Amino acid sequence: MTNISTHDVRDATPWYQEGAGSTYCKACDAGSFGDLAEPGTSISHCKACPSGQFQPDAGSSRCKQCETGRYSASSQRTNCDACDAGKFQNTKGQQSCKTC
């Protein structure tokens, strides 16, 4: 978990802090994102990236779509898997590959 000082928070959406009197905020983990306009007060502020998407970095406010030729069958991924031999995917953000 990444920590930042409170004065480093800009848009604050991917950050939270559950403790009173803290001197830093915590970043949402890789594979998740913060989607509120204000910093959260618990890790539940952070939402898992849905299948078909990923986020390799902590402290993000959105997830990225899997590129063509790749997929993500589960949520909270930090990367997407390449389609196996004999399969393909020609659309971004998909949960599976198609058979040739």
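A: Begin with burial. Buried means under 20% relative accessible area, exposed over 50%, and partly exposed in between, with a 1.4 Å probe and protein chains only. At 17% relative accessibility, Cys97 therefore counts as buried. Cys83 is also at 17% and counts as buried.

Q: What kind of model is this, and how are residues numbered?
A: This is a predicted model, where local features need pLDDT of at least 70, side-chain atom pairs count only at pLDDT 80 or more, and totals for chains, interfaces and linings use all residues. Residues are numbered from 1 along each chain as its sequence is written, and side-chain values use heavy atoms, leaving out hydrogens and water.

Q: How many disulfides does the structure hold?
A: A disulfide is a covalent bond between the sulfur atoms of two cysteines. The cut-off here is a pair of cysteine sulfur atoms within 2.5 Å. The structure holds four disulfides. Number the bonded cysteines of the protein chain in sequence order, and the pairing reads 1-2, 3-4, 5-6, 7-8.

Q: Which residue does Cys49 join, and what does the link tie together?
A: Cys49 is joined to Cys63, S to S 2.0 Å. The link is left-handed, with -90° about the S-S bond. Now place both ends between strands. Strands (E, at least two residues) and helices (H or I, at least four) are DSSP runs, numbered from the N terminus. Cys49 lies in the loop between strand S5 (46–48) and strand S6 (53–54), and Cys63 in the loop between S6 and strand S7 (64–65), so the pair ties together parts that are 14 residues apart in sequence. Both Cys49 and Cys63 are buried.

Q: Where do Cys66 and Cys80 lie?
A: Start with the bond: a disulfide joins Cys66 to Cys80, S to S 2.0 Å. With -75° about the S-S bond, this link is left-handed. Cys66 sits in the loop between S7 and strand S8 (70–71), Cys80 in the loop between S8 and strand S9 (81–82), so parts 14 residues apart in sequence are tied together. Cys66 is buried, and so is Cys80.

Q: Which parts of the chain does the pair Cys83 and Cys97 link?
A: The disulfide from Cys83 to Cys97 has S to S 2.0 Å. Its S-S angle is -80°, which is left-handed. The pair links distant parts of the chain: Cys83 in the loop between S9 and strand S10 (87–88), and Cys97 in the loop between S10 and strand S11 (98–99), 14 residues apart.

Q: Which residues does Phe33 touch?
A: Contact means heavy atoms within 4.5 Å. Not counting residues up to four places away in sequence, Phe33 touches residues including Cys28, His45, Cys49, Ser60 and Cys63. Phe33 is in strand S4 (residues 32–34). At 15% relative accessibility, Phe33 counts as buried.

Q: Which side chain makes a polar contact with that of Ser60?
A: A polar contact is a pair of N or O atoms within 3.5 Å; within protein, one must be able to donate a hydrogen and the other to accept it, and residues adjacent in sequence count only if both atoms are side-chain atoms. The side chains of Ser60 and Gln55 are joined by one of 3.3 Å. The backbone oxygen of Asp57 also lies 3.3 Å from a polar atom of the Ser60 side chain. Ser60 is in the loop between S6 and S7, and counts as buried at 12% relative accessibility.
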